[in-house]
Amino acid sequence: MAKQRTPDGPPPPPAVQKLRVQYARRGRLRHSSTRDFGRALERALRRSGVPMAYSAGFHPHPKISYANGAATGAASEAEYFEISVTEQVDPAAVAVALDEALPDGLDIITVVEAQPGALADRLQASRWQLAFPGVDPADLERAVAGFLAEEVVEVERMFKRGMKSYDARGPVIRADTGVREDGCAILTMVVRHTTPAVRPDDVLRAFAAVTSFAPPRSPIATRLAQGVWSSETESVADPLAID
């Protein structure tokens, strides 16, 4: 049996602290993918001097984990990742350093020390806002009412293993329409995280299926928050709040 190779040199320093980071994806950067952000983040971590922990082996990688990123093309005020570091650091100082190192449009909101439990377990629902330029608010209101009146609305999406059909109605906890100060019709909705994830474009396809709603252009989708949905307060709880 061939002897297993081991990397030369000492093992990487162990991680002593884990940080949870909330960031926003704004403006033109909403078109960046998770992979694009990952490359930008690694460069920013090096420039800002964050003492990153690395994996062992022949090809060490910085210990970064991402959680439930929004689809490419959607803006977001509530994206999250975790990093492990080899020295105790001040989370507020890391937030400032990373924000300065990242390009405009990828903006650090807050950094906190990770609490026990998996971050993914706290990301159970998202609150979205969709803006519909050129749409009569009354038409949007009728589309939402028709959609909410259904128990199940099947939509289809292409996945790596082929086309898949799934329910876009069940995960939508609530949906409300309104009008911005500039007269633009808006939809605010809370969507539970499921597998597969129901995205804003899935909900729009469901609208079209039950009401023939067809906006003249794609809406601007922004994730406002994600966390644990509270039916008592009708809000999405901050996943970084200390228990």
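Reader: What makes Arg39 and Asp36 a salt bridge?

Author: Their closest N and O atoms are 2.7 Å apart. A salt bridge needs a side-chain nitrogen of Lys or Arg within 4 Å of a carboxyl oxygen of Asp or Glu, so the pair qualifies. Both residues lie in helix α1 (residues 34-48), three residues apart, about one turn of the helix. Helices (H or I, at least four residues) and strands (E, at least two) are DSSP runs, numbered from the N terminus. The model is predicted: local features need pLDDT of at least 70, side-chain atom pairs count only at pLDDT 80 or more, and totals for chains, interfaces and linings use all residues. Residues are numbered from 1 along each chain as its sequence is written, and side-chain values use heavy atoms, without hydrogens and water.

Reader: Why is Arg39 called partly exposed?

Author: Its relative accessibility is 43%. Buried means under 20% relative accessible area, exposed over 50%, partly exposed in between (1.4 Å probe, protein chains only). Arg39 therefore counts as partly exposed. Asp36, at 31%, is partly exposed as well.

Reader: Why do Arg223 and Glu79 count as buried?

Author: Arg223 has 3% relative accessibility, so it counts as buried. Glu79 has 1%, so it is buried too. They form a salt bridge, with the closest N and O atoms 2.7 Å apart. This pair links distant parts of the chain: Arg223 sits in strand β10 (residues 220-230) and Glu79 in strand β3 (residues 75-85), 144 residues apart.

Reader: How do you know that Arg25 has no salt bridge?

Author: The nearest side chain of opposite charge, Glu79, is 4.7 Å away. Lys and Arg count as positive and Asp and Glu as negative; His and the chain ends are not counted.

Reader: What lies 3.3 Å from a polar atom of the Arg25 side chain?

Author: The backbone oxygen of Ala70.

Reader: Why is Ala24 called buried?

Author: Its relative accessibility is 0%, so Ala24 counts as buried. Ala24 also lies in strand β1. Ala24 and Asp107 are 83 residues apart in sequence, yet 5.1 Å apart in space, C-alpha to C-alpha.

Reader: What makes the Arg174 and Glu234 pair a tie between separate parts of the sequence?

Author: Their side chains meet in a salt bridge (2.6 Å, N to O). Arg174 lies in strand β8 and Glu234 in the loop between β10 and β11 (235-237), so the pair ties together parts 60 residues apart in sequence. Arg174, at 27%, is partly exposed. Glu234, at 48%, is also partly exposed.

Note on methods. Polar contact = N/O pair within 3.5 Å; in protein donor to acceptor, adjacent residues only side chain to side chain.
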